[in-house]
Amino acid sequence: YLSFALFSWAHVFLGWAGMIWLKSLVWTGIFILTLRAKPRDMAVSWVWMGLWMLAVIAGSFRFIERSSMFSDLLYVWLFAYLLGREKLDRWMILTLTPVFLLWPQFHPGFPVGLALLFIWSAYHTLKIRSIVWWHNLWLLLPVGVICIHPDGVNALLYPFQFSMNEASVFKKHNFEWMPAYSPLFRAAPETLAFWLLALVSLYLIAREKAWLSLRAIFALFALGMAVSAVRFIPWASFAVLICVKPWARFHYLRATPKNWQAVVLSTLLILLSAKNIIYGYNASSGERVPGWELDTKFFPVNTVDFLQKNRIAGNLYNAHDFGAYLIWRGVLPVFHHGFVTDMGFYENEVMGVFKGQARFLELAAKYNWTMLLVEKYGAYRYFYQILAPLPQWKIVAEDDASYLIYKFPP
């Protein structure tokens, strides 16, 4: 809830620009953590700079205003923090406890943090034996404070319930939950950059024969998370950079003089910034163009204007990505939105419209749909196949993002 409060306050005081600045601050924090991770002198390695560019490309499709970016920041911070700790002491407990207290207030991604904490504890207890086993009981303190939440113990249970319920369904239909090897994304630039980053990182670990080191275990954990769902690729890419940083060198590409490094990186920064500011850039989730307002390629701004002025009797069907926007615009009721947690409804009703004309007509009669708001370049091709033989359904408005379709009397 705190992430949404921050987004709301940013919008109230600074408009859309405020939300963009808030996102930029969070991702800048991730970049700083990665750059300042030890050993810092390795940041001048051309190998590591190449991996950095791959990580930026791999993660660019998620450089967007989402509450999950707060978990992304905390993941990267936890990787850097735990790799710098050799023993469990009072200061570590005093640091981790407020972090895990705040984490669920921003986003329910803390189970990954708990897994990292468990791996770190097991490694130092069982392998290098720098921790007496019963001292690990102190780690129950940062784990326990997760329940200090308006939702109580449900805040602790929710992400585990989600992973076994909603996430398993989303993996079938929602691209961000699909695995990185999904046929839908094999040719995407972000996925290709991630796989290249993964291969180089695995090579560096193998070359160092460091498979049993904590850095290698953490890197493999991050790569495994990214492979399981593409939504984890951004933070996992930067986490892997932190893990393999000590090994990112070759004898003939060890480093470059700082003055040359400054010249090269400054030139790249100026050229790429100018290109992005003028032309934008393409990502697998769509074209990104510079601006301070809502991108009309993604939001049905004009069709909703038309709908508000020319609504007809009956109910509205809306595409999955348009639900929250419709609520924000005051167009109620909506059929569904991105925070739907009833997976039976999502599987049978929301996705049911794509199971053929007979199923669509059955649902249209059940919910008395007379208006459809569908994505112009997404699901519309399915609706066209369904509605083309039905002359009473007609497009009444369109914009860059959507079609608005009404059902007229015979």
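I call a residue buried under 20% relative accessible area, exposed over 50% and partly exposed in between, with a 1.4 Å probe and protein chains only. By that rule glutamate 349, at 9% relative accessibility, counts as buried.

**Entry 1. Conventions.** I note that this is a predicted model, in which local features need pLDDT of at least 70 and side-chain atom pairs count only at pLDDT 80 or more, while totals for chains, interfaces and linings use all residues. Residues are numbered from 1 along each chain as its sequence is written, and side-chain values use heavy atoms, with hydrogens and water left out.

**Entry 2. Salt bridges.** I took a salt bridge to be a side-chain nitrogen of Lys or Arg within 4 Å of a carboxyl oxygen of Asp or Glu. The count by this rule is nine.

I returned to glutamate 349 and found its side chain in a salt bridge with that of lysine 366, at 2.9 Å from N to O. Glutamate 349 is in helix H15 (residues 343-350) and lysine 366 in helix H16 (residues 357-367), so the pair links distant parts of the chain, 17 residues apart; helices here are DSSP runs of H or I with at least four residues, strands are runs of E with at least two, and both are numbered from the N terminus. Which side of the burial cut-offs does lysine 366 fall on, buried or exposed? Lysine 366 is exposed, with a relative accessible area of 55%, whereas glutamate 349 is buried. Both residues belong to a network of salt bridges that also links Arg359 and Glu362.

I next looked up arginine 329 and aspartate 305, whose side chains meet in a salt bridge of 2.5 Å, N to O. Arginine 329 lies in helix H14 (residues 323-329) and aspartate 305 in helix H13 (residues 301-309), so this pair ties together parts that are 24 residues apart in sequence. Aspartate 305 is partly exposed, at a relative accessible area of 29%.

Arginine 207 and glutamate 208 form another salt bridge, with 3.1 Å between the closest N and O atoms. Arginine 207 has a relative accessible area of 29% and is partly exposed; glutamate 208, at 27%, also counts as partly exposed.

**Entry 3. Aromatic rings.** I paired rings of Phe, Tyr and Trp (its six-membered ring) if their centres lie within 6.5 Å, with planes under 30 degrees apart counted as stacked, over 60 as edge-to-face and the rest as tilted. The search of the whole structure finds 40 aromatic pairs. One of them joins tryptophan 52 and phenylalanine 238 edge-to-face, at 5.5 Å centre to centre and 75° between the planes. Tryptophan 52 lies in helix H2 (residues 46-59) and phenylalanine 238 in helix H11 (residues 233-244), so the pair ties together parts that are 186 residues apart in sequence. Tryptophan 52 and phenylalanine 238 are both buried.

I also recorded one aromatic cluster, with Tyr75, Phe79, Phe100, Trp103 and Trp177 among its members. Where is tryptophan 177 placed? Tryptophan 177 is in the loop between helix H8 (166-173) and helix H9 (189-208), and is buried at a relative accessible area of 11%. The C-alpha atoms of tryptophan 177 and alanine 229 are separated by 4.8 Å, although these residues are 52 apart along the chain.

For a charge over a ring, I required NZ of Lys or CZ of Arg within 6 Å of the ring centre and within 35 degrees of the ring normal. The charged end of lysine 245 sits over the ring of tryptophan 48, 4.5 Å from its centre.

**Entry 4. Two further tryptophans.** Tryptophan 16 is in helix H1 (residues 2-36) and, at 21% relative accessibility, counts as partly exposed. Its C-alpha atom is separated by 7.5 Å from that of leucine 294, 278 residues away along the chain.

Tryptophan 133 is in the loop between helix H5 (110-127) and helix H6 (140-144), and is exposed at a relative accessible area of 61%.

**Entry 5. Strand E4.** I checked strand E4 (residues 369-375) and found seven of its seven residues buried. I counted two strands as paired if DSSP finds at least two bridges between them. E4 pairs with strand E3 (residues 315-318) in the parallel sense over four bridges, and asparagine 318 stands opposite leucine 373 in E4. With strand E6 (residues 402-407), E4 pairs in the antiparallel sense over five bridges. Which residue in E6 is the bridge partner of methionine 371? That partner is tyrosine 406.
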